[in-house]
Amino acid sequence: PQRSVVSWTAMIAAYTQSGEGKDALGLFRSMVLEGVRPNKVTLLTVLDACACLADLAKGREMHERIVACGYDMDVAMETALVNMYSKC
């Protein structure tokens, strides 16, 4: 079976919600290495994982990726960024 961005994001979210932020970020790296492009929901979930780990460096890296990829800065994205920066 082929993995889609939806299945990757579901797994990343499950790890994040279980408090396994490090594993969530590892899955994200694997997803990107396999050539799957993250969507907005994936990035929101990864920002949450960064916040749970208080990993400012990874959070900034994700922020830069969001800007570089041209994702819209809507309320959900801005809220996730504020949450991440406040916890780091």
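I am working with a predicted model, where local features need pLDDT of at least 70, side-chain atom pairs count only at pLDDT 80 or more, and totals for chains, interfaces and linings use all residues. Residues are numbered from 1 along each chain as its sequence is written, and side-chain values use heavy atoms, with hydrogens and water left out. Helices are DSSP runs (H or I, at least four residues), numbered from the N terminus.

**H1 and H3.** I checked this pair first. The axes of H1 and H3 come within 9 Å and cross at roughly 20°. Axes here are lines fitted to C-alpha atoms over the stretch in contact, with angles from 0 to 180 degrees between N-to-C directions. The crossing angle therefore makes H1 roughly parallel to H3 (angles under 35 degrees count as roughly parallel, over 145 as roughly antiparallel). H1 passes H3 in a left-handed crossing (the near helix is turned anticlockwise from the far one by less than a right angle). H1 brings Val5, Thr9, Ile12, Ala13 and Thr16 to the contact, and H3 brings Val41, Thr42, Thr45, Val46, Asp48 and Ala49. Contact means heavy atoms within 4.5 Å. By class I read six nonpolar, four polar and one charged residues (Ala, Val, Leu, Ile, Met, Phe, Trp, Tyr, Cys and Pro are nonpolar; Asp, Glu, Lys and Arg charged; the others, Gly among them, polar).

**Thr45.** Not counting residues up to four places away in sequence, Thr45 touches Thr9, Ile12, Ala13 and Thr16.

**H3 and H4.** Next I took H3 (residues 40-53) and H4 (residues 56-69), whose axes come within 9 Å and cross at roughly 160°. H3 is therefore roughly antiparallel to H4. This crossing is left-handed. Leu43, Val46, Leu47 and Cys50 of H3 meet Lys58, Gly59, Met62, Arg65 and Ile66 of H4. I read six nonpolar, one polar and two charged residues in this contact.

**Core.** Which residues touch the most other members of the largest nonpolar core? I find Ile12, Phe28, Val46, Leu47 and Met62, out of 22 residues. Such a core joins buried Ala, Val, Leu, Ile, Met, Phe, Trp, Tyr and Cys residues through side-chain atoms within 4.5 Å. H3 gives the largest share, six residues.

Key:
Helix = DSSP H or I, 4+ residues; strand = E, 2+ residues; numbered from the N terminus. Parallel < 35°, antiparallel > 145°, perpendicular 65-115°, else oblique. Buried < 20%, exposed > 50% of the residue type's maximum accessible area, 1.4 Å probe, protein only.
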